[in-house]
Amino acid sequence: MAEEKIILGIDPGTTIMGFGLIKVVGKKMEFLQLNELHLQKYSDHYLKLKLIFERTVELIDTYHPDEIAIEAPFFGKNVQSMLKLGRAQGVAMAAGLSREVPITEYSPKKIKMAITGNGNASKEQVAKMLQSLLKLKTLPKNLDSTDGLAAAVCHFYNQGRVEVGKSYSGWASFVKQNGDRVK
């Protein structure tokens, strides 16, 4: 019988957190779900972080993913936005680590490259390619959920490769790889 696993992909954000799930059976992937957590109605940044943590734990407890793929924050000019995005990513990672689900980070360029063959592809190009690959009938209005799904598909394509991104199997692994940032 073919090995099965579920991959949860997350596009962290403090306005919208996109996520998608795929099931891998042997060397084939199947679409399970994609959706978004809308946070724009909340003004309290700490409440948003709490909701991101809780939703991620809920997804883990519902779907029991074997692995999590998460989009790493990209380097922008706005430092405050970077900090908020980094916190959102950290909280989602902490939720996964609290349930001992291995996590791998991918840069936005690496995800786009894995899905479309072009590291500079637009969100729309990534979404259309996912629609074709996973035979999705329709695409969502916002493309944050397809970005989360893209992280999961990128992880599927990068299985077995030596250099994929930063991976963490638990708190000890995270601290070991990021000791200089955790002190």
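**Exercise 1.** Leaving aside its neighbours within four places in sequence, which residues is Thr14 in contact with? Then decide whether Thr14 is buried or exposed.

*Solution.* Keep in mind that this is a predicted model.
- Step 1: Thr14 sits in the loop between β1 (4–11) and β2 (16–25).
- Step 2: list its partners. Once neighbours within four places are set aside, Thr14 is in contact with Leu39, His45, Lys48, Lys84 and Ala88.
- Step 3: judge the burial. The relative accessible area of Thr14 is 12%, and the cut-off for buried is under 20%, so Thr14 is buried.

**Exercise 2.** Describe how helices α1 and α2 meet, and which residues make the contact.

*Solution.* Let's begin with the geometry.
- Step 1: two packed helices are described by the angle and the distance between their axes.
- Step 2: the axes of α1 (residues 45–63) and α2 (residues 79–98) come within 8 Å and cross at roughly 35°. This crossing is right-handed.
- Step 3: α1 contributes His45, Leu49, Ile52, Phe53, Thr56, Val57 and Ile60 to the contact. From α2 come Lys84, Arg87, Ala88, Val91, Ala92, Ala94, Ala95, Gly96 and Ser98.
- Step 4: sorted by type, the residues of this contact are 10 nonpolar, four polar and two charged.

**Exercise 3.** Compare the span of α2 with the expected one, then find its buried residues and what follows the helix.

*Solution.* Take α2 from end to end.
- Step 1: α2 has 20 residues, and its first and last C-alpha atoms are 28 Å apart, close to the 28 Å expected at 1.5 Å a residue.
- Step 2: the buried residues of α2 are Leu85, Ala88, Gln89, Val91, Ala92, Met93, Ala94, Ala95, Gly96 and Leu97.
- Step 3: after α2 comes Glu100, with a positive phi near 60°.

**Exercise 4.** Where is Asp144, is Asp144 buried or exposed, and which residues does Asp144 touch?

- Step 1: Asp144 belongs to helix α5 (residues 144–157).
- Step 2: its relative accessibility is 18%; the limit for buried is under 20%, so Asp144 counts as buried.
- Step 3: not counting residues up to four places away in sequence, Asp144 touches Asp11, Ile16, Gly18, Phe19, Glu36 and Lys123.

Definitions and conventions:
Residues are numbered from 1 along each chain as its sequence is written. This is a predicted model: local features need pLDDT of at least 70, side-chain atom pairs count only at pLDDT 80 or more; totals for chains, interfaces and linings use all residues. Side-chain values use heavy atoms; hydrogens and water are left out. Axes are lines fitted to C-alpha atoms, for helices over the stretch in contact, and angles run from 0 to 180 degrees between N-to-C directions. Helices (H or I, at least four residues) and strands (E, at least two) are DSSP runs, numbered from the N terminus. A crossing is left-handed if the near helix is turned anticlockwise from the far one by less than a right angle, and right-handed if clockwise. Contact means heavy atoms within 4.5 Å. Ala, Val, Leu, Ile, Met, Phe, Trp, Tyr, Cys and Pro count as nonpolar, Asp, Glu, Lys and Arg as charged, and the others, Gly among them, as polar. The expected span of a helix is 1.5 Å times one less than its number of residues. Buried means under 20% relative accessible area, exposed over 50%, partly exposed in between (1.4 Å probe, protein chains only).
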